Protein chains: 2
Amino acid sequence: MRNIKLTIQYDGSRYSGWQRLGHTDMTIQSKIENVLSKMTSEKIEIIGSGRTDVGVHALGQVANFKTNSKMTTSEMIEYLYKYLPQDIVVTNIEEVEERFHSRYNASSKKYIYKIYNDIYLNPFLRKYTTHISEKLDIDAMKKASLFIIGEHDFTSFRSSKSKKKSNIRTIYSIDIIEKGNLIEIIVHGNGFLYNMVRIIVGTLLEVGLGNMEPENVNYILLSKDRKLAGPIAPAKGLYLLEVEY
Amino acid sequence: MRNIKLTIQYDGSRYSGWQRLGHTDMTIQSKIENVLSKMTSEKIEIIGSGRTDVGVHALGQVANFKTNSKMTTSEMIEYLYKYLPQDIVVTNIEEVEERFHSRYNASSKKYIYKIYNDIYLNPFLRKYTTHISEKLDIDAMKKASLFIIGEHDFTSFRSSKSKKKSNIRTIYSIDIIEKGNLIEIIVHGNGFLYNMVRIIVGTLLEVGLGNMEPENVNYILLSKDRKLAGPIAPAKGLYLLEVEY
């Protein structure tokens, strides 16, 4: 069978997340599977690199599926572009070796979190950024982020719903970039626990708002206590940026 | 009575345009009037600098209203921010002299039109740009725009629904700016006929797509024949950028 790899962008605003669900077809995975099943006349199941939560966006989600279809990858991309809703766009399709697995073979991921930091909400960015009206202390946030970079036990930074056996992950880098009143936080790591990026951002925001000292972040990591870290930052600011293999 | 001037940003996607209508309250004017009437306990009518059509956005619409309210302008701005929907944001309020009139006193206006020029649609910009998949010839569009700048009879560039007596307007400048695959067209003029910006853009797009020579635009202007100009460009790419007094 052929193994086909998709790269996908989506605006998560309207959807109940990535993962197929029984009670609704308003998930990214269902929308794509339905179009692919129609396209191939096969029952297609796609494997995503990982789930994204309700309201989370993607600029470079990766998924793969097996098929006996004889269509070329460019015919597939045109078909998907025509039949998928406008808020889900498959930007690249390539045929990969049969054992390629979007989730198991992912070596690292990058997420970007976008914050709109100005007194009033920007009406055009209300679904695509988190709005913080108080001026953030970016230097303090950068200082705090240095404690998170590296290999750590991230028990304090994962949602209690997480079922992973080991909570040890490596964060390669955290870049905090100011573009006028838009602040972007790019987190690159070898893997992420449930809600980990949003809790990292929520904690950095506490530091940026002056509610927490940058040095506290080190203590939070060592404590392995979720209650000490900041709240989960809203989904609408988060984008899965890239999956590396 | 006090005369209050508002500067307003809105995402026009959900609305039936600026102008109050009998059969729906989903217009920008109604939404603002309803909140202002509640705020002042008076029946407020606002005067906009001009209408914007269904789906058109604004970054700097201006409106004014008369009131006997004793609230400060900062109290007003906070009240509006709290009670208006998130896609309408009043960014500035000032008290102006009693004879100031948002429409009659406007000396010039700037509009910006945003085009996303790449093979596939960008899911995040689908409501905020017009998508053109064929590569546009920007140099040809710039050449064509030079014929439009200046004082002209814009009969060829106004919708037949236009009821204005004179079709003579002055366009001060047209700037066409490429930012990667985003193309912005900024049109500055002393006044605009019905659908005039969208027909100017529709015509420039015909030139950019190679369906029309830049020199044709001069002939279209002289012909005073709407049928010779390009189609009306979609509303979702258009923003009222600034009103000058």
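This is a predicted model: local features need pLDDT of at least 70, side-chain atom pairs count only at pLDDT 80 or more; totals for chains, interfaces and linings use all residues.
**View 1. Two domains in one chain.** Chain A splits into domain 1, covering 2-96, and domain 2, covering 108-244. Where they meet, 15 residues of domain 1 of chain A touch 15 residues of domain 2 of chain A.

**View 2. The surface the domains share.** Together, domain 1 and domain 2 of chain A bury about 1,100 Å², and carbon and sulfur atoms account for 56% of that. On the domain 1 side, the residues that lose the most area to domain 2 of chain A are A:Asp53, A:His57 and A:Leu59, which together make up 44% of what that side buries.

**View 3. Polar and charged links across the interface.** Zoom in on A:Asp53 again: its side chain meets that of A:Arg198 in a salt bridge, at 3.5 Å from N to O. The count between domain 1 and domain 2 of chain A is 1 salt bridge. There are also 11 residue pairs in polar contact across this interface of chain A. As for the domain 1 side that touches domain 2 of chain A, its residues sort into 5 nonpolar, 8 polar and 2 charged.

View 4. A:Asn117 counts as buried because its relative accessible area is 7%, under the 20% cut-off. Setting aside neighbours within four places in sequence, A:Asn117 contacts A:Ile132, A:Ser133, A:Glu134, A:Lys135, A:Leu136, A:Asn181 and A:Ile183.

Key. Residues are numbered from 1 along each chain as its sequence is written. Chains are lettered from A and ligands numbered from 1 in the order in which they are written. Side-chain values use heavy atoms; hydrogens and water are left out. Domain bounds come from an automatic or database domain assignment. Contact means heavy atoms within 4.5 Å. Buried area is the accessible area (1.4 Å probe) that two parts lose on being put together, summed over both. A salt bridge is a side-chain nitrogen of Lys or Arg within 4 Å of a carboxyl oxygen of Asp or Glu. A polar contact is a pair of N or O atoms within 3.5 Å; within protein, one must be able to donate a hydrogen and the other to accept it, and residues adjacent in sequence count only if both atoms are side-chain atoms. Ala, Val, Leu, Ile, Met, Phe, Trp, Tyr, Cys and Pro count as nonpolar, Asp, Glu, Lys and Arg as charged, and the others, Gly among them, as polar. Buried means under 20% relative accessible area, exposed over 50%, partly exposed in between (1.4 Å probe, protein chains only).
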